[in-house]
Amino acid sequence: LSMGSLLIVPVLVMWWVSKGGSSPGKKLMQLRVVDRHGLRLRPRILARRSILQYLPIWCGPITNTETIGTPDYISTPISVAVGLFFLLEILLAIFRREGRSLHDQIFGTRVVLFDSRDSQ
């Protein structure tokens, strides 16, 4: 696999979200991502937030030296950085009073329940 082929998934997700798409989980659980004023996010910001949210998952194949032959001096620091980011995401979500993760704090967003009968 090449680095270009591994970037297809993040690019497709960013495109899908920027076109107004939502994950099946968000639709099923009736969740909406809003800004600090409770307004819907612009699609571009929502797409960037999704990329940062799934960063630990997408970096897994990149840091796997057997998958694409990434040298250890590149994959090890990336693995450590992604691991620390993921740990910080979890710790902030668990121990902060408002329960917001790092990507939500960076983009000033919140995940809220919405009534499906409201206008979408």
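I searched the whole structure for salt bridges and found 1. The cut-off I used is a side-chain nitrogen of Lys or Arg within 4 Å of a carboxyl oxygen of Asp or Glu. The bridge pairs Arg49 with Asp104, and their closest N and O atoms are 2.7 Å apart. I noted that this pair links distant parts of the chain, with Arg49 in helix α4 and Asp104 in helix α8 (residues 102-107), 55 residues apart.

Notes on the source come next. This is a predicted model, where local features need pLDDT of at least 70 and side-chain atom pairs count only at pLDDT 80 or more, while totals for chains, interfaces and linings use all residues. Residues are numbered from 1 along each chain as its sequence is written, and side-chain values use heavy atoms, with hydrogens and water left out.

**Entry: the bridge partners**

Are Arg49 and Asp104 buried or exposed? I set the classes before looking: buried is under 20% relative accessible area, exposed is over 50%, and partly exposed lies in between (1.4 Å probe, protein chains only). Arg49 has a relative accessible area of 1%, so I logged Arg49 as buried. Asp104 has 7%, so Asp104 is buried too. Arg49 lies in helix α4, which covers residues 43-53. I took helices as DSSP runs of H or I with at least four residues, and strands as runs of E with at least two, numbered from the N terminus.

**Entry: His103**

Which side chain does Arg49 join by a polar contact of 3.4 Å? I found His103. A polar contact here is a pair of N or O atoms within 3.5 Å; within protein, one must be able to donate a hydrogen and the other to accept it, and residues adjacent in sequence count only if both atoms are side-chain atoms. I then looked up Glu89 and found a polar contact of 2.9 Å between its side chain and that of His103. Leaving out residues up to four places away in sequence, Glu89 touches Ser101, Leu102 and His103. Contact means heavy atoms within 4.5 Å. Glu89 sits in helix α7. Its relative accessible area is 9%, so Glu89 is buried.

**Entry: helix α7**

I checked the length of α7 next. Its 24 residues should span 34 Å at 1.5 Å a residue, and the end C-alpha atoms are 34 Å apart, which agrees. The expected span is 1.5 Å times one less than the number of residues. Which residues of α7 are buried? I listed Ser75, Val82, Phe85, Glu89 and Leu92. An α-helix has 3.6 residues a turn, so residues three or four places apart point the same way.

I also looked at Phe95, in α7 (residues 72-95). Phe95 counts as exposed because its relative accessibility is 65%. Phe95 is part of a nonpolar surface patch of about 800 Å², together with Val80, Leu84, Phe86, Leu87, Ile90, Leu91 and Ile94. Patches are made of residues with over 30% relative accessible area and no salt bridge; like charges are joined within 9 Å, and nonpolar side chains (Val, Leu, Ile, Met, Phe, Trp, Tyr) within 5 Å.

**Entry: Cys59 and α7**

Ile78 is found in α7. Its relative accessible area is 30%, so I put Ile78 down as partly exposed. The C-alpha atoms of Ile78 and Cys59 are 7.9 Å apart, and the two are 19 residues apart along the chain. Gly83 counts as partly exposed because its relative accessibility is 36%. From Gly83 to Cys59 I read 9.8 Å, C-alpha to C-alpha, for 24 residues apart in sequence.

**Entry: the whole protein**

I counted 8 helices and 2 strands. The order from the N terminus is α-α-α-β-α-α-α-α-α-β. Of the 120 residues, 29% count as buried. The accessible surface comes to about 8,300 Å², and 64% of it belongs to carbon and sulfur atoms. Areas come from the Shrake-Rupley method with a 1.4 Å probe; for residues, only the protein chains shown count as cover. Among contacts between residues at least 6 apart in sequence, 60% join residues at least 24 apart.
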